[in-house]
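Hello,

Here is the structure we talked about passing on. Please look through it first; my notes follow below.

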Amino acid sequence: MAEENKVVLHGLWSSTYVKRVELALKIKGIPFEYVEEDVLNKGPLLLKYNPIHKKVPVLVHNGKPIFESLVILEYIDEMWRNEPLLLPKDPNERARTRFWAGYV
Ligand SMILES: N[C@@H](CCC(=O)N[C@@H](CS)C(=O)NCC(=O)O)C(=O)O
C-alpha cells in the first residue's frame, strides 16, 4: 500500500460504532490496517489522535485522524467517490439518511 494513501482504523472488536466504519471501508473496497485499542487502558496513539473524547473509532488517513463514526462515514464517502456511495445523491434522501444513521 502506498504510504501516501495509508488508511488505519483504530477500533474495538465489540464496538458497533467501529463496525459501521469497518463495513463502509469494506463496501467501498478501501484497503486498511486495523489496530485494536484497549479502551480501559488507553494507549498513546488513541490519546494523541482523539484527545477530546478519547474514543474509538478513529480513522487515520495519511497520518491525519478523523473521529466520530458518522463523521468518518461522510469523510469516506467524500474521499473515495467510487460506487457504491454511502449517501444518496438527492438532498432530501441524504438528509433522511443522516437522520436515521444518527438515530440508529
Ligand atoms: N459518538 C461516538 C461514540 C464512540 C464510542 O462510544 N466508542 C466507545 C466504544 S463503543 C469508546 O471508545 N469508549 C471508550 C470510553 O468511553 O472511554 C461515535 O459515533 O464514534
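Helices (H or I, at least four residues) and strands (E, at least two) are DSSP runs, numbered from the N terminus. This is a predicted model: local features need pLDDT of at least 70, side-chain atom pairs count only at pLDDT 80 or more, and totals for chains, interfaces and linings use all residues. Residues are numbered from 1 along each chain as its sequence is written, and side-chain values use heavy atoms, with hydrogens and water left out.

Backbone first. Lysine 54 sits in the loop between α2 and β3. Its phi is near 60 degrees, positive in a residue other than glycine. Lysine 54 counts as partly exposed at 34% relative accessibility (buried is under 20% relative accessible area, exposed over 50%, partly exposed in between; 1.4 Å probe, protein chains only). The loop between α2 (44-49) and β3 also holds proline 57. A cis peptide bond joins valine 56 to proline 57, with omega about 5 degrees.

Glutamate 68 is in the loop between β4 and α3. Its phi is positive too, about 80 degrees, although glutamate 68 is not a glycine. Glutamate 68 is partly exposed, with a relative accessible area of 42%.

Next, helix α3 (residues 69-79). Ser69, Ile72, Leu73, Ile76 and Asp77 are buried there. They lie on the same side of α3, because they cover an arc of only 135 degrees around the axis (taken from the directions from the helix axis to the C-beta atoms). Their cover includes α1 (16-28), β3 (58-61) and β4 (64-67) (contact means heavy atoms within 4.5 Å).

Proline 84 is in the loop between α3 and α4. The peptide bond from glutamate 83 to proline 84 is cis, with omega near 0 degrees.

Now the rings. The whole structure has 4 aromatic pairs. Rings of Phe, Tyr and Trp (its six-membered ring) pair if their centres lie within 6.5 Å; planes under 30 degrees apart are stacked, over 60 edge-to-face, the rest tilted. Tyrosine 75 and tryptophan 80 are edge-to-face, 6.4 Å centre to centre, with 85 degrees between the planes. Tyrosine 75 is partly exposed at 22% relative accessibility; tryptophan 80 is buried at 13%. Tryptophan 100 and tyrosine 103 are also edge-to-face, at 5.3 Å and 80 degrees. Both lie in helix α4 (residues 91-103), 3 residues apart, about one turn of the helix. Ring pairs link Phe99, Trp100 and Tyr103 into a cluster.

Best wishes
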